Amino acid sequence: MASTMFRLRRIGAIITISGATLAATATAASAQSYGEGSALEAARRRVADLDAVVPRRSVQEAALAGTSRVNPLDVLVIGGGATGCGVALDAATRGLRVGLVEREDFSSGTSSRSTKLIHGGVRYLEKAVFNLDYGQLKLVFHALKERKQVIQNAPHLCNALPCMNPCFSWFEVVYYWCGLKLYDLVAGPRMLHLSRYYSVEQSAQLFPTLATKGKDRSLKGTVVYYDGQMNDSRLNVGLACTAALVGAAVLNHAEVIELIKDEVDEKVVGARIRDTISGNVFETYAKVVVNAAGPFCDSVRKMANKDAQPMIAASSGVHIVLPDYYSPEGMGLIVPKTKDGRVVFMLPWLGRTIAGTTDSSTEITMLPEPHEDEIQFILDAICDYLNVQVRRSDVLSAWSGIRPLATDPKAKNTESISRDHVVSEDYPGLITITGGKWTTYRSMAEDAVDAAIKAGKLKPTNGCVTDELRIVGAYGWELASFTALAQNYIRMKQTKGKVIPGPMDTAVSKHLSHAYGSLAEHVAAIAQNENLGKRLAHGHPYLEAEVAYCARNEYCESATDFIARRSRLAFLDTDAARRALPRIIQILATEHKWDNSRQKLELQKALEFLETFKSSKNAQFRDGKHNGK
């Protein structure tokens with residue numbers, strides 16, 4: 001009891017700090033300048049124009065290749081993940097001349113392999129309480145502010161998600177209720193919804209597969225709180241397309257093979273780049289180069305200085321996808337501490353259940369693969385909290401993502417690896433931004449652009465406006481927008497030489513509306529007018545029309561681009577993605593004028609990619625524990 005009172009007193013102390021910080025934050029916000037209005041309105045008009053089309057890929061490459069030492073870009077960004085695309089968007093909306101290159105595809109790395117949560121960091125808040133650490137508390141404040149911004153700026157791709165926290169003792173009920181009420185308080189006006197306690201009976205109704213009794217324990221109730229959820233790669237692609245609409249020259253499948261340095265002062269002044277599709281090599285010059293290559297940022301730094309000290313400590317996070325019946329629609333389950341102290345969750349996501357995660361050191365590779373013991377760990381962990389049989393054969397997809405945990409190369413010691421981001425100019429002309437998390441990508445980008453402006457003595461026309469700028473597809477979108485698709489369009493399906501009309505059913509309409517926002521009508525029109533209304537895979541709402549639309553409007557240049565980043569089929573159901581590949585390649589071949597050899601190469605590469613997703617179809621799991629039929 002004494003320890004309980006001590007913890008509650010600590011929570012009280014943090015609440016006092018929270019109130020003071022909220023007041024300070026409000027004062028600072030009221031003092032901000034509103035001189036960015038004209039730049040913001042101009043950007044909004046471009047992004048909100050439903051007839052606006054991103055420049056063709058060849059135009060973007062020509063813009064990058066057309067630079068010179070006497071006519072450079074202001075900023076060249078290396079890396080097309082969330083942070084890199086955020087940097088390009090931020091810099092372009094400040095009136096700077098911007099380019100971005102990505103070796104693979106936008107969101108091909110860590111940014112498409114996230115937990116899909118937009119969160120403030122409940123664990124960081126717990127550390128702030130127990131350690132009376134004001135620095136951790138500031139991290140939570142900052143992340144909660146950005147959480148609200150992300151959801152507001154991409155409402156079709158993001159939503160609030162209730163997360164259930166099971167309690168197996170009355171102490172846990174009090175402890176988690178107080179902690180999550182503090183989470184609400186710290187969020188302040190940016191709170192999504194109030195947390196609350198539910199009885200055992202109420203919890204069982206909300207989450208039918210939750211076990212109420214287990215080994216020597218019984219459920220005392222649950223505390224439900226709210227965080228955000230997103231479709232991560234589509235948000236990333238949306239950022240890239242938004243940046244392109246406001247003037248940035250963005251180019252995927254373009255690898256930096258060498259940094260260009262000034263012959264006099266050795267400052268980085270650009271990069272030599274290879275288009276990995278055409279093989280074309282060209283040079284792009286810039287006043288400042290921003291390295292946003294995620295786990296690979298050390299590789300870029302070593303191009304500038306082969307003796308550069310590493311600043312990335314790579315951590316692997318494995319996730320698995322299970323059928324929808326493992327979790328109810330609209331309610332997640334968070335286990336804050338498993339037997340070995342790790343956090344495990346189960347979340348509904350795009351009609352399936354995503355579960356994870358692990359956190360272990362790993363090597364940095366282009367295509368990380370989950371190990372079978374990591375998959376088994378997740379299955380073991382969720383098995384303890386469910387009243388259904390957990391089977392390895394139910395795993396529809398499993399993948400690994402690499403978290404780029406950052407250390408500051410200028411720090412005197414490395415005893416604390418940061419979960420926050422680091423901005424560093426450890427070589428003239430090269431700004432590196434790394435670390436952090438998806439939730440704070442926008443403010444990370446803002447910090448990187450601020451550093452680039454200072455380092456390059458750039459002259460932006462205005463300050464940062466991305467906190468108030470929605471991404472492409474967000475303007476004009478509403479939750480009920482799917483009804484217009486269902487009422488006004490039909491799906492013309494070509495089957496065995498015949499064209500058969502079909503309804504734009506609710507599942508497909510909702511999917512298109514959430515995936516493409518206010519631009520969904522363009523996809524529906526292709527389905528109706530070009531006879532591309534057939535579903536790509538049984539049981540999934542993805543249409544043939546989406547392949548054509550993404551090839552024309554979202555820089556979808558390969559089959560893997562589509563199954564992994566434009567749609568999420570590879571992540572949701574690896575076997576369904578494999579079955580859909582021939583038709584996807586056929587449509588892309590028409591759009592991009594591929595010959596037979598290119599089509600065969602696309603199939604080979606996509607199948608190799610899918611082999612790294614350890615579903616029950618392409619993994620050996622006979623010796624695992626969860627093999628029940």
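# Notebook: a look around this model

I started with Ser-518, which is buried at a relative accessible area of 17% (buried is under 20%, exposed over 50%, partly exposed in between, with a 1.4 Å probe and protein chains only). This is a predicted model, so I keep in mind that local features need pLDDT of at least 70, that side-chain atom pairs count only at pLDDT 80 or more, and that totals for chains, interfaces and linings use all residues. Residues are numbered from 1 along each chain as its sequence is written, and side-chain values use heavy atoms, with hydrogens and water left out.

**Entry: Ser-518.** I found Ser-518 in the loop between H14 and helix H15 (520-529). Helices here are DSSP runs (H or I, at least four residues), strands are E runs of at least two, and both are numbered from the N terminus. Setting aside residues up to four places away in sequence, Ser-518 touches Leu-50, Gly-473, Ala-474, Tyr-475, Gly-476 and Trp-477; contact means heavy atoms within 4.5 Å.

**Entry: Val-77.** Next I looked up Val-77, in strand E1 (residues 73-78). Is Val-77 buried or exposed? Val-77 is buried, with a relative accessible area of 0%. Beyond four places in sequence, its contacts include Gly-84, Val-87, Ala-88 and Val-290. Ala-292 is also in contact with Val-77; the two are 215 residues apart in sequence, yet 6.7 Å apart in space, C-alpha to C-alpha.

**Entry: Glu-102.** I then went to the loop between strand E2 (98-101) and strand E3 (117-118), where Glu-102 lies. Glu-102 is buried, with a relative accessible area of 11%. Not counting residues up to four places away, I noted that Glu-102 touches Gly-79, Gly-80, Gly-81, Ser-108, Leu-251, Asn-252, His-253 and Ala-254. Glu-255 is 153 residues from Glu-102 in sequence and 6.3 Å from it in space, C-alpha to C-alpha.

**Entry: empty space.** Rolling a probe the size of a water molecule over the atoms shows where empty space is left. On a 1 Å grid over the protein atoms alone, a cavity is a set of points where a 1.4 Å probe fits but cannot get out; a pocket is an open set with protein on both sides within 12 Å along at least five of seven lines; lining residues have an atom within 4 Å of a point.

How many cavities of 30 Å³ or more does the structure hold? I found three. Helix H4 (82-93) and helix H12 (441-456) each supply at least two lining residues.

The second largest pocket holds about 1200 Å³ of space. I noted 39 lining residues, with Glu-329, Trp-349, Leu-350, Gly-351 and His-514 nearest its centre. Among the elements giving two or more residues to this lining are strand E15 (344-349) and helix H14 (506-516).

**Entry: a helix pair.** Two packed helices are described by the angle between their axes and the distance between the axes. I saw helix H17 (residues 559-566) and helix H20 (residues 596-610) pack at an angle of about 35°, with axes 8 Å apart. Axes are lines fitted to C-alpha atoms, for helices over the stretch in contact, and angles run from 0 to 180 degrees between N-to-C directions. Ile-563 and Ala-564 are among the H17 residues in this contact, and Phe-609 and Leu-610 among those of H20.

Note on methods. Points joined across faces, edges and corners; volume = space filled by probe spheres on them.
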